[in-house]
Amino acid sequence: MPLLSLAAAVTALLAVAGCGGAPGRNDGSGDGHSAPATASAAPAKKRPAGTGGLLSGGVWAVRHVTSDGHEENLPPEARPWIALHDDGTATGDYGCTPFRVKAEVKAASLTLGEDLEPLPAPSASPAAPVGGPGPCRPDGPDAEKELTGFEKKVKEVLKGRIALSKESPYGETLVHLKDERGDFLTLAQARGENFFATRWKLGAVTVYDDYGPDFAAGDRLYFDFHENGEVSGRLGCNDFTAGATFSGLHVFFRDPVLTTHRTCGKQVMEEEASVLATLKKSLNYAYWAEGNTSLLLHDDLAFPAIESGFMFSPMPRR
């Protein structure tokens, strides 16, 4: 498919409204871990032993589920994930049902035990979907039954003592979980513990499986995400700040504002205005930041016709 022109890509991106998602939490980290007051004051984290510490500080998406020797289909509405925390708990979502349980992780095993009260939802939420149904909105009784059955199988694997193993096919990090009945669940890393220490250069807008040309602003267009639920950076010409609420596999931006008032070239200023306008829509983005090689955001629709978003790459902080 030929690349879209920047104007066409930005127009398509701005035409797609946000969509709702699973509720998250107030402080913006969204994975159930109590965030520090500021990013710079973050205490050193104790790395759990599981699979060489891979499960520390990250968010993991459920990629595959095998029950009774049969690989289950992942319903298009489901967004299952899990995160392990230093306080001996695990939070996540079986698909569309959030959970929080006691957790003990060792070098080659994970034990999930007593159910705990879920963490409160954030005080702010993304915009309601208008481009199509959002995640966790089954399209009829059959889809609802499929989703319920899938969640039950995920929940059955995620309890008791679970054996852990890992592999890295094609550079992607996967963790395999096997319960005592022999059922399997595979996790793929959606966000690693170094995510908040990485500066993310915004390279282009995306429209479904296509993307526009690189932004003219180059290295002057970047985001710095912080664990306290803020994002700062530069939109090409001017600096900006915004809230960034992470909720499992989703993130949405709120209250973006420019903090400087510089004037630059026409194309850079037009790009800046387009990105700022998109952030102001509070789209609910599904994100993927496995490792430190790339960050992809796309507005999350359960039955997408056109998904739009942003494509980032890491860059040094100067």
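In which strand does D255 lie? D255 belongs to strand β15, residues 250-258; here strands (E, at least two residues) and helices (H or I, at least four) are DSSP runs, numbered from the N terminus. The model is a predicted one, in which local features need pLDDT of at least 70 and side-chain atom pairs count only at pLDDT 80 or more, while totals for chains, interfaces and linings use all residues. Residues are numbered from 1 along each chain as its sequence is written, and side-chain values use heavy atoms, with hydrogens and water left out.

Most residues other than glycine have a negative phi. D255 is exposed, with a relative accessible area of 63%; exposed means over 50%, buried under 20%, and partly exposed in between, for a 1.4 Å probe and protein chains only. D68 also has a positive phi, of about 55°, although D68 is not a glycine. This residue lies in the loop between β1 and β2 (70-71) and counts as exposed at 72% relative accessibility.

The side chain of D183 reaches the backbone nitrogen of D68 at 2.9 Å. Such a polar contact is a pair of N or O atoms within 3.5 Å; within protein, one must be able to donate a hydrogen and the other to accept it, and residues adjacent in sequence count only if both atoms are side-chain atoms. D183 sits in the loop between β8 (174-178) and β9 and is buried, with a relative accessible area of 5%.

The aromatic residues come next. The structure holds 16 aromatic pairs, where rings of Phe, Tyr and Trp (its six-membered ring) pair if their centres lie within 6.5 Å, and planes under 30 degrees apart count as stacked, over 60 as edge-to-face and the rest as tilted. F195 and F246 make an edge-to-face pair, with 5.6 Å from centre to centre and 85° between the planes. Because F195 is in the loop between β9 (184-191) and β10 (199-207) while F246 is in strand β14 (residues 239-247), this pair ties together parts that are 51 residues apart in sequence. F195 counts as buried at 2% relative accessibility, and F246 counts as buried at 2%. F246 has a further partner in Y287: the ring centres are 5.3 Å apart and the planes lie at 90°, so this pair is edge-to-face. Here distant parts of the chain are linked, with F246 in strand β14 and Y287 in strand β16, 41 residues apart. Y287 is buried, as is F246.

One aromatic cluster includes F195, F246 and Y287, and among its other members are W200, F225 and F312. R191 brings a charge to this group. It lies over the face of F195, at 5.9 Å from the ring centre, and its charged end sits over the ring of F246, 5.0 Å from the centre. A charge counts as over a ring if NZ of Lys or CZ of Arg is within 6 Å of the ring centre and within 35 degrees of the ring normal.

Strand β14 also holds T245, which is buried with a relative accessible area of 1%. The side chain of T245 makes a polar contact with the side chain of R254, at 2.5 Å. F225, found in strand β12 (residues 221-225), counts as buried at 2% relative accessibility. From C-alpha to C-alpha, F225 and G243 are 9.3 Å apart in space, and 18 residues separate them in sequence. In strand β3 (residues 81-84) lies A83, which counts as buried at 0% relative accessibility. A83 and A61 are 22 residues apart in sequence, with 9.0 Å between their C-alpha atoms.

Finally, there is open space to consider. The largest pocket has a volume of about 420 Å³. On a 1 Å grid over the protein atoms alone, a pocket is an open set of points with protein on both sides within 12 Å along at least five of seven lines, and lining residues have an atom within 4 Å of a point. Grid points are joined across faces, edges and corners, and the volume is the space filled by probe spheres set on the points. The largest pocket is lined by 20 residues, of which R79, L249, A286, W288 and H298 lie nearest its centre. At least two lining residues come from each of β1 (59-67), β16 (285-288) and β17 (295-299). By class, 14 lining residues are nonpolar, two polar and four charged; Ala, Val, Leu, Ile, Met, Phe, Trp, Tyr, Cys and Pro count as nonpolar, Asp, Glu, Lys and Arg as charged, and the others, Gly among them, as polar.

Definitions and conventions:
1 Å grid on protein atoms, 1.4 Å probe; cavity = no way out; pocket = protein on both sides within 12 Å on 5 of 7 lines; lining within 4 Å.
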